[in-house]
Amino acid sequence: MLEPPRQRADTALLLYAFGSFVAAPLVLFLFFALRHRAAERALPISLPVPEAAQPGWTGRVLAEPAISDASRPDVIVCYDPATAQHIADLPADSREQAEDKVRRADVARRAWGTSSFARRRRLLRTIKKWCVDDMEGIARVACRDTGKTAVDALLGEILTTLSKIDWLVANTERVLKPEVRSSNLLLAHKRCEVHHVPLGVVAACVSWNYPIHNLLSPVVAALAAGNAVVVKVSEQVAWSSSYVLSGLRACLEACGEDPDLVQVVCCYPQNASAVTANPLIKHLTFIGSESVAKLVAMDAASAMIPLTPELGGKDPLIALPGTDLPFFVPTFLRAAFGAGGQNCIGIERFLVARSILPRFIELVEPRVRALQLGSFLDDTPFSGSREKASAHVDVGALITGARIPRLEQLVADAVSKGARCLVGGKRFVHPKHPSGHYFAPTLLVDVTPDMEIAQEELFAPVMLVMAFDTTEEAIQLANGTRYGLGSSVFGSNERECRYVASQMEAGMCNINDFACGYLNQGLPFGGVKASGSGRFAGPEGLLSLTSTKAVTSDLLFRLVRTAIPGPLDYPLAKPVRAWSFAQGLGTFAGGSSLSDKAWGLAALIRASF
């Protein structure tokens with residue numbers, strides 16, 4: 001039976017009212033959500049790729065390439081380590097200039113320290129957008145200034161940076177927002193909180209091996225924590241660092257933020273204390289060698305600056321019996337030769353079960369022998385030349401040739417003591433780039449722990465192989481150096497692998513992989529023993545960039561307030577009564593039994609009257 005027209009109209013009106021009642025909050029929610037999202041949206045920037053990083057560029061070849069020139073002590077000579085082509089001459093910061101940069105950061109940090117997490121996320125997203133939009137250009141800059149391949153640049157420079165930004169965007173507010181801590185009986189009427197307050201100006205002294213990531217990483221972490229940041233970069237990579245700074249400044253300006261929040265200092269060692277001993281710096285991260293870290297630590301101690309040192313490593317990889325060698329050999333090769341071996345968490349020692357060692361060598365030797373050295377920007381299709389369509393470069397140059405004689409000496413010493421050098425072991429003179437800094441990819445087997453090469457960090461394309469007979473011997477070999485940064489264990493038995501991982505004296509361990517933990521920037525990064533102390537990355541690293549403040553307040557503000565009990569009020573007119581009250585309070589609060597607490601409560605009541 002049909003409803004009368006008036007009843008149908010009433011029903012429709014009721015449904016309309018109900019729909020409006022439900023829809024209105026939803027529309028409002030969507031409106032504010034979209035508005036909030038728009039406020040945090042990444043903004044585009046425009047930054048041209050430097051001419052020296054573009055396809056087809058050629059520069060004057062330096063006969064004896066070096067970053068310093070005795071006739072020009074205030075100049076840094078920038079050149080491509082793979083080709084020795086001169087890129088640019090840049091001014092080295094003086095002590096006064098470095099100090100001025102710290103002061104400018106100190107001024108800029110005052111407004112940024114109170115910035116909202118939304119503002120910080122927008123800035124980080126803008127930096128990420130630049131990294132993604134200009135990915136190839138950034139990789140080219142890294143290649144030109146360090147001699148690495150573009151693949152190594154993308155994996156080690158850009159991918160890791162994107163991971164760090166993603167983690168910071170998703171987690172900074174959660175990690176740094178005030179947290180409520182549990183209390184006790186005496187403070188049952190109080191709210192107890194922990195606040196994480198920006199430090200102000202933080203600094204980082206970073207190494208040259210990953211110039212893009214090593215500059216961006218401390219910058220994005222510092223900005224996320226509400227700090228300004230000063231990064232002292234290596235003079236070896238002054239050119240690429242200046243490019244990254246230009247990108248960061250463009251991102252800051254696009255977001256309407258003060259470009260002085262980020263400062264880059266590039267100076268010679270004698271002026272570095274303008275940063276490392278500067279009392280305006282409230283935290284210092286150092287990435288580099290142990291010898292330099294000790295000098296930096298003395299500087300930091302003079303100004304009471306907290307220091308997080310991330311130093312070298314001699315990372316071991318244990319290949320247990322049953323390891324799937326055909327499957328994992330590509331991983332082993334990248335662990336040894338990625339970035340030309342100039343990776344602090346690359347593998348420096350391959351500890352291989354004696355039962356699988358012949359097969360290991362059989363699989364690895366021809367592939368090491370086939371590795372090609374050269375300039376990725378000049379000797380491959382990446383150069384823009386059609387003539388090089390079939391050319392390939394697997395391993396780039398070392399950052400400097402200064403260490404090559406020592407590498408040759410270490411290999412020769414090992415061979416004299418029984419090791420076998422199956423591939424490489426010497427300087428490689430490139431037929432096209434004779435002034436480039438090349439060391440031949442090297443496979444050295446039958447190494448023993450008493451050899452110098454087994455104890456000294458190489459930072460070079462060397463696969464060093466040692467044999468073991470038992471799992472316990474493998475663990476002993478792995479832990480048998482001064483270092484303890486990263487480590488890896490490979491095998492087919494998960495329980496055995498986890499046992500070995502638990503015994504590693506290292507800050508990090510990967511099972512059936514190497515260095516992959518760094519792609520999860522929610523994990524802390526750092527080592528033990530001579531590989532450093534403290535951690536950066538993850539909540540641990542982010543929190544280290546803040547000052548922890550404990551805050552207490554009354555739960556029922558103005559209604560329930562803390563008063564000093566009469567017996568304890570100054571002056572203590574009746575000391576015995578004061579003591580009785582205090583003793584009763586202590587027994588009531590700390591007594592382990594109900595009778596203790598009852599006695600304490602009674603003592604409190606007696607002493608109150």
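Author: Thr-126 lies in helix α3, which covers residues 117-133; here helices (H or I, at least four residues) and strands (E, at least two) are DSSP runs, numbered from the N terminus. The model is a predicted one, in which local features need pLDDT of at least 70 and side-chain atom pairs count only at pLDDT 80 or more, while totals for chains, interfaces and linings use all residues. Residues are numbered from 1 along each chain as its sequence is written, and side-chain values use heavy atoms, with hydrogens and water left out.

With a relative accessible area of 0%, Thr-126 is buried, where buried means under 20% relative accessible area, exposed over 50%, and partly exposed in between, for a 1.4 Å probe and protein chains only. When residues up to four places away in sequence are not counted, Thr-126 touches Ala-42, Leu-43, Ile-45, Cys-251 and Cys-255, a contact being heavy atoms within 4.5 Å.

Thr-285 is found in strand β8, residues 281-287, and is buried at a relative accessible area of 12%. Leaving out residues up to four places away in sequence, Thr-285 touches Ala-203, Ala-204, Cys-205, Thr-308 and Phe-536. Thr-285 and Leu-545 are 260 residues apart in sequence, yet their C-alpha atoms are 9.8 Å apart in space. For the protein as a whole, among contacts between residues at least 6 apart in sequence, 70% join residues at least 24 apart. Buried residues make up 50% of the 609 residues in the protein, which has 17 helices and 17 strands.

The C-alpha atoms of Pro-269 and Ser-234 are 35 residues apart along the chain and separated by 9.4 Å.

Among the helices, α6 (residues 211-224) is mostly covered, with 14 of its 14 residues buried. Its 14 residues should span 20 Å at 1.5 Å a residue, and the end C-alpha atoms are 20 Å apart, which agrees; the expected span is 1.5 Å times one less than the number of residues. After α6 comes Gly-226, whose phi is positive, near 90 degrees.

The same check can be made on helix α12 (residues 404-416), whose 13 residues should span 18 Å at 1.5 Å a residue, in agreement with end C-alpha atoms that are 18 Å apart. In α12 the buried residues are Ile-404, Leu-407, Leu-410, Val-411, Asp-413 and Ala-414, and they pack against β12 (420-423) and β13 (442-445). Gly-418, with a positive phi near 115 degrees, follows α12.

Two packed helices are described by the angle between their axes and the distance between the axes. Helix α13 (residues 471-478) and helix α14 (residues 494-503) pack at an angle of about 35 degrees, with their axes 10 Å apart; axes are lines fitted to C-alpha atoms, for helices over the stretch in contact, and angles run from 0 to 180 degrees between N-to-C directions. The contact is made by Thr-471, Glu-472 and Ile-475 of α13 together with Glu-496, Tyr-499, Val-500 and Gln-503 of α14.

Thr-471, Ala-474, Ile-475, Leu-477 and Ala-478 are buried in α13. Seen down the axis of α13, these buried residues fall within an arc of 160 degrees, so they line one face of the helix, the arc being that of the directions from the helix axis to the C-beta atoms. The buried residues of α13 pack against β10 (316-319), β11 (349-353), β14 (462-468) and α14.

Some backbone details remain. Most residues other than glycine have a negative phi, and most peptide bonds are trans. Ala-339, in the loop between α10 (325-337) and β11, has a positive phi near 55 degrees and is buried, with a relative accessible area of 7%. Ala-537, in the loop between β16 (510-511) and α15 (538-543), has a positive phi near 75 degrees and counts as buried at 6% relative accessibility. A cis peptide bond, with omega about -10 degrees, joins Tyr-570 and Pro-571, and Pro-571 lies in the loop between β17 (546-554) and α16 (575-590).
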